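Welcome, and let us take a walk through this structure together. Have a look at the picture below before reading on.

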Amino acid sequence: MSLTTDGGKSVSVVEAKGLGLTFKTADGDVIALSDVNLDIRRGEFVSFIGPSGCGKTTFLRVIADLEQPTSGTITVNGTSPADARVNRSYGYVFQAPALFPWRTIEKNVALPLEIMGYGEADRRERIRKTLELVNLEGFEKKFPWQLSGGMQQRASIARALAFDADLLLMDEPFGALDEIVRDHLNSELLKLWAATQKTIAFVTHSIPEAVYLSTKIVVMSPRPGRVTDVIESPLPAERPLEIRETPEFLAIAHRVREGLRAGHSYEE
Amino acid sequence: MSMLQRVLAAFAAGFALLALVFEFASTEGAPLPVWEFPAVGAFLVLAILSLVRFRLKLSFWGDGGLAALGAMALMLALDTIQQAEAGYWFALVSAWLFAWLFAERLSGAISKGKVGDAVGMLIPLVFGVAILVAWEAITRGGNVPKVLLPAPSGIWTMLTGNIPQIAADFQQTFMKSVLAGYVLGCGSGFLVAIAVDRSPFLKRGLLPLGNFISALPLIGIAPIMVMWFGFDWPSKAAVVVIMTFFPMLVNTVAGLNVAGHMERDLMRTYASGYWSTLFKLRLPAAAPFIFNALKINSTLALIGAIVAEFFGTPIVGMGFRISSEIGKLNVEMVWAEIAVAALAGSVFYWVVALVERAVTFWHPSVRGGRA
């Protein structure tokens, strides 16, 4: 399935071949990833779904050069993950907002810009633009602890967008939020994706979230962490929240659920 | 009124009655009856009359006024009596109970929101004054030998009468030894902590050595520092450096490790270098620890400098003054220096704590929120 280019139509942003990662622990080896072959093309919205321990977060961290694979190859933007990280070619959104409490919202968004050496005027313009993109205008001078959890996570998305990386890696960004806030942020995220044309890799353990957001759903299963199914979504690009009631949507959700169940069949 | 307040009110009036019954004081063995002191008599009579509170409403300001009147009358009486007798002590207890009752009712009124929070400043003030009044009354009324415990008024007279000398001592000990030693000790502890954090070799080599230095006894170090750096303030500053270095070192090393994994990963995704991660993430996160050390050291530094002056010093300095005046049994001067040292230490601590609040405003412990 690891096709690089499709007649020049789309370019691979992330390409993994036979990727494996084994953690050495005191209790012996833990196989977090085994023989993962995957291709993420430019402009795709790819969700990784699976129970905990299936290696979905680990895979995202390998792309981000936060973990080192023990076998196989992976390229990000055609280079090694380490080079991609040094080139600042991706933005990472963590499970928690991880905003610095001593910085205001605008200063938090400015953090990567300061580190990457953007000029003062450029910085201000980018802060304004990204905060507008996540609907946080007017909260520039607030501190993170003065905002709700949903607003904090939006600020952390703004921070990941501020330096215009083409690839956005999101590790269960809405996992800690309640259903209503989550629905809202999901539709916001789709709009943002349409507006910015970014490639998004999104880790989740919610089936509706994965189906609603993605153009491609990667179903994973644990022990050892591996890919069991890759589903190309036939849903249209324009997705109102009501799309979740349609038969097409439910059919994909069913297939994801079947994939997850298959991965679980040998245990419990 | 609460149960406690009822009991306090009843006992305050009861002790006032006892004060009227018992012998008040004596001079040269001759008894001095209470009616020779109209102010005290007025206080005692009003105190007994305050029992009407069980029928009518009596403001807590009334209790405050009674406590103040009683304290003032008893202080003035000290000038004429030679030996306080049972009546005097009962009156003192009565005034003290009124002060307690006042503070009790005032804090109750504040928590119910009946009076402003600013009035709450009165409570520690009442507490402090009550201690001073009791101290003055016991030392002078009970004729406690000065060598054991001088009266606050005597200490105050000594303090105000020797301002130039005490100011010179303060200048020598605090402005020179303490501040120089504090800045050098905290500064070097901080820098070494960053080096230790950077290098595993130093972590193994220097951290145990820092521990070793902190375990050295002050009394052994001080004379050696005098040998090395001379009699003047630099040797005292050196002792302060040794005392303040280690708390700063361990606190900063601990603080540099509190930044979370997620925040570190975040900096890594930005390909942030060592120094930019240090200044933008790890040091701000370590600030509460660093200020902890600064606060501990603010009082340690003063103790170190004063004790160090016991081991060779020019004829100026708070520690020198204490050691030489105690030799002359001029205990009031010793207490005056102690008072100045305590005040200076408190103000120093308070200033550091104030800066801490401004810098670590974001920390849950300061803003009173959740993490």
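P224(A) sits in the loop between strand 8 (216-221) and strand 9 (226-232) of chain A; helices (H or I, at least four residues) and strands (E, at least two) are DSSP runs, numbered from the N terminus. The peptide bond leading from R223(A) to P224(A) is cis, its omega being near -5 degrees. This is a predicted model, in which local features need pLDDT of at least 70, side-chain atom pairs count only at pLDDT 80 or more, and totals for chains, interfaces and linings use all residues. Residues are numbered from 1 along each chain as its sequence is written, chains are lettered from A and ligands numbered from 1 in the order in which they are written, and side-chain values use heavy atoms, leaving out hydrogens and water.

Another loop to visit lies between helix 4 and helix 5 (149-161) of chain A, and N135(A) is found there. N135(A) has a positive phi, near 60 degrees, although N135(A) is not a glycine.

Now turn to chain B and chain A. Here 18 residues of chain B are in contact with 26 residues of chain A, contact meaning heavy atoms within 4.5 Å. The area buried between the two chains is about 2100 Å², with 70% given by carbon and sulfur atoms; buried area is the accessible area (1.4 Å probe) that two parts lose on being put together, summed over both. Between chain B and chain A the count is 3 salt bridges, each a side-chain nitrogen of Lys or Arg within 4 Å of a carboxyl oxygen of Asp or Glu. R61(A) and D265(B) meet through their side chains in a salt bridge (2.9 Å, N to O).
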